[in-house]
Amino acid sequence: MNLPPGLAVRDGHLHIGRHDTVSLAGRFGTPLYVTDEDRIRARYREVHEALSSRYSRVRVLYAAKANGNPAILRALADEGSGADVFSAGELVLALDAGMEPGRLLFNGSSKSTADLTLAVEKGVRVSVDSLDELHSLDRIAGKAGKTVEIAFRVNPALEVPTHPKIATGLRTSKFGIPAGEILGAYQAALGCDHVRPAGIHCHIGSQILEVEPFARATAVMTDLAAGITDLGVRLGFIDIGGGLGIPYRHGTDPAPTFSDYASAVVPVFAEGVKKAGISPELWVEPGRYLVADSTILLTRVNSVKEAHRRFVNVDAGFNLLVRPVMYGAYHGVVVAGKADLPPAHRYTIAGPICETGDLLAEDRDLPSIESGDLIAVLDAGAYGFAMASQYNGRPRCAEVLVKGAGAALMRREETMADLTAATERPPWQDRRLIPGTGS
């Protein structure tokens, strides 16, 4: 059985770090997300070392959208990470976790006036996505009597090998300013009174399992940096985004490491900035690579049904892990209490949601499964709980963090009361209705 690092089978049970997953499920209930903090810290160090050993001026910004739990953000802040934030909420979470404003970049193609005002107030750099946004930001900073540092997000028009919904550097993507128009954007910024261009930014996509596209994007960015420098802009950083994927199909998917990535990207970067006569910081924005394999989703079997398939009906569905439905994504699954047993049947793991497509894993060869068994869904740390919902009136599950011998809640299970905690009763519904009359 091929498992991600941090997981192991001992005495027939799946373990995460030092912890028996069957025991964790018994203690905290199911469904349950379990995250290994030590794995996240090790992953961050791997990324930073791969880059800093090849180029001295490096900054790692965690893509907070992948998993914004404050406990995870605090662990990464403790390691020295900054964050790529995509909303006012992510910005506040990152600051509350102890990340300095200067280590954040506020990204996004549709920022509101409130978003931009918050960035100015907190002293956070902004990745500007359009000229319209540039002028709005200049006005807001002017009203506040401040100057805000910016980068422009470039659309490099690169085809990349990933799902089209997460290929963000395509010519047709909603993100960024076309590379051919970027010099004009910097000229416009130089004409503003309250913004200062300080960097350049791109992101070509997510879950990319080849390193060559990142080298191509880096070449585009350093070529543009030379032209921007000729305009008189002093670039303090070039942010080449994130996107390096992980092998969800362990043992068969290609699995480039961050060292492989750095070996492909850093020489192109170093040559490009040398040619431009500049020495900016190299920024990267890993998200999935840092957190995906740190986490499993534990889900209890409610029933097993023989139909045109053998369905294993569990207590977690796409309300908690939407990737299989949204992207057709693959996640490995393990029968946590029978992890050393050979396959007995082919099963499809089905959730409790009222949608035919609520399938977490299809046609998997697994040991014999019965009601009460525990299924572990692997590599669930990125875009798992972060994309969870209360669909079908189902409260979201708890999240547990393990570190060494410790295990503790980092988010409690929601209650039925949480389903209506933010709702209000319209005043005309306060009176008692007479059945059948509507009044």
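**Cysteines, sheet and cavities in a predicted model**

Cys354 is exposed, with a relative accessibility of 64%, whereas Cys192 is buried at a relative accessible area of 11% (buried means under 20% relative accessible area, exposed over 50%, and partly exposed in between, with a 1.4 Å probe and protein chains only). The structure is a predicted model, in which local features need pLDDT of at least 70 and side-chain atom pairs count only at pLDDT 80 or more, while totals for chains, interfaces and linings use all residues. Residues are numbered from 1 along each chain as its sequence is written, and side-chain values use heavy atoms, with hydrogens and water left out. The number of disulfides, defined as pairs of cysteine sulfur atoms within 2.5 Å, is 0.

An open sheet of 3 strands was found, with the order S1-S2-S3 and antiparallel pairing; its edge strands, each of which pairs on one side only, are S1 (7-10) and S3 (19-20). Strands are DSSP runs of E with at least two residues, numbered from the N terminus, and two of them pair if DSSP finds at least two bridges between them. Strand S2 (residues 13-16) is joined to S3 by 2 bridges, and Ile16 has His19 in S3 as its bridge partner.

The structure also holds 2 cavities of 30 Å³ or more, a cavity being a set of points on a 1 Å grid over the protein atoms alone where a 1.4 Å probe fits but cannot get out. The largest has a volume of about 80 Å³, and of the 13 residues that line this cavity, the closest to its centre are Ser206, Gly243, Gly287, Arg288 and Tyr383. The second largest cavity has a volume of about 50 Å³, and its lining includes Gly243, Phe258 and Glu285.

How values were computed
Helices (H or I, at least four residues) and strands (E, at least two) are DSSP runs, numbered from the N terminus. On a 1 Å grid over the protein atoms alone, a cavity is a set of points where a 1.4 Å probe fits but cannot get out, and a pocket is an open set with protein on both sides within 12 Å along at least five of seven lines; lining residues have an atom within 4 Å of a point. Grid points are joined across faces, edges and corners, and a volume is the space filled by probe spheres set on the points.
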